[in-house]
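Then read on, and we'll walk through it together.

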Amino acid sequence: MKTIIRKETPDDYREVENLVRESFWNVYRPGCLEHFVLHELRSDPAFVKELDFVMEAEGRIIGQNIFMRAVIAADDGREIPIMTMGPICIANDLKRQGYGKKLLDYSLAKAKELGCGALCFEGNIGFYGKSGFGYASEKGIRYHGLPEGADSSFFLCKELIAGYLEGITGEYAPPRGYFVDEAAAEEFDKAFPPKEKRKLPGQLF
């Protein structure tokens with residue numbers, strides 16, 4: 001199936017939010033917050049408008065990815081500018097067919113063109129490792145609020161500019177825009193078709 005990757009437009013917003021909702025529903029919690037997070041992030045000062053992508057096939061949006069500016073608070077007192085990304089998703093009926101990697105690799109190349117030196121991100125090494133992500137702990141980057149010795153295998157990092165993080169140790173905290181009011185998210189969700197919230201094994205929340 002032939003795909004194109006292009007910038008998201010305001011006309012796409014509701015379709016993309018619905019795609020994100022369908023993709024994340026009951027995955028990490030009963031229901032999901034990701035579609036509301038995306039809705040809120042678009043107006044956040046840290047949102048990178050040049051890296052707001054959708055993937056389209058046969059007139060339908062089948063994937064999306066966004067980027068946010070972030071920093072590593074280095075142990076030597078500097079703030080190292082980096083980016084983070086997500087939500088990123090592919091339509092449920094097209095997962096595990098290579099579309100996600102294609103979208104990811106394209107958007108990482110565009111982030112590098114924009115001068116992004118490195119990315120920190122919460123994700124699954126099994127998928128993101130195929131695109132060059134490694135454990136952030138191996139680069140000396142810690143996740144804000146995570147106790148020493150706790151499992152940090154979810155916290156990934158990739159240099160887009162070789163050597164960008166050389167000699168740097170420090171702490172990363174997700175941009176504040178990712179933390180949304182759950183009551184506001186619940187209200188926002190009422191504008192979408194009703195879906196059953198279910199408590200499932202493996203959910204984080």
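First, some ground rules. This is a predicted model, where local features need pLDDT of at least 70 and side-chain atom pairs count only at pLDDT 80 or more, while totals for chains, interfaces and linings use all residues. Residues are numbered from 1 along each chain as its sequence is written, and side-chain values use heavy atoms, with hydrogens and water left out.

Let's start with the whole chain. The protein chain has five helices and nine strands; helices (H or I, at least four residues) and strands (E, at least two) are DSSP runs, numbered from the N terminus. Reading from the N terminus, the elements go β-α-α-β-β-β-α-β-α-β-β-β-β-α. Along its principal axes, the C-alpha trace spans about 50 × 35 × 30 Å. The radius of gyration is 17 Å, which agrees with the value near 17 Å for a compact globule of 205 residues. That radius is taken over C-alpha atoms, and the globule rule is 2.2 Å times the number of residues to the power 0.38. Of the 205 residues, 47% are buried. Buried means under 20% relative accessible area, exposed means over 50%, and partly exposed is in between (1.4 Å probe, protein chains only).

Now for the empty space. Rolling a probe the size of a water molecule over the atoms shows where such space is left. The search runs on a 1 Å grid over the protein atoms alone: a pocket is an open set of points where a 1.4 Å probe fits, with protein on both sides within 12 Å along at least five of seven lines, and lining residues have an atom within 4 Å of a point. Grid points are joined across faces, edges and corners, and a volume is the space filled by probe spheres set on the points.

The largest pocket has a volume of about 1,700 Å³. Its lining takes in 42 residues, and Phe 24, Tyr 28, Glu 34, Glu 122 and Gly 123 lie nearest the centre. Which element gives the most to this lining? That is E4, with seven residues. Helix H1 (13-24), helix H2 (34-41) and helix H3 (99-113) are among the elements that each supply at least two residues. By class, the lining has 24 nonpolar, 10 polar and eight charged residues. Here Ala, Val, Leu, Ile, Met, Phe, Trp, Tyr, Cys and Pro count as nonpolar, Asp, Glu, Lys and Arg as charged, and the others, Gly among them, as polar.

The second largest pocket holds about 160 Å³ of space. Its lining residues include Ser 137, Tyr 143, Pro 147 and Phe 155. Strand E7 (residues 141-143) gives the largest share, three residues. By class, this lining has six nonpolar, four polar and two charged residues.

Next, look at the rings. The structure holds 13 aromatic pairs. One of them joins Phe 127 and Tyr 128, edge-to-face, at 4.7 Å centre to centre with 85° between the planes. Rings of Phe, Tyr and Trp (its six-membered ring) pair if their centres lie within 6.5 Å; planes under 30 degrees apart count as stacked, over 60 as edge-to-face and the rest as tilted. Phe 127 is partly exposed at 30% relative accessible area, while Tyr 128 is buried at 10%. Ring pairs also link both residues with Phe 121 and Phe 133 into a cluster.

The charged end of Arg 14 sits over the ring of Phe 192, 4.3 Å from its centre, and Arg 21 lies over the face of Trp 25, 4.7 Å from the ring centre. To count, NZ of Lys or CZ of Arg must be within 6 Å of the ring centre and within 35 degrees of the ring normal.

Finally, the backbone. Most residues other than glycine have a negative phi, and most peptide bonds are trans. Asn 26, in the loop between H1 and H2, has a positive phi near 60°. Asn 26 is buried, with a relative accessible area of 10%. Gln 203 is 177 residues away from Asn 26 in sequence, yet 7.6 Å away in space, C-alpha to C-alpha. Glu 58 also has a positive phi, near 50°, but Glu 58 is exposed, at 72%. As for the peptide bond from Gly 86 to Pro 87, it is cis, with omega near 10°, and Pro 87 lies in strand E4.
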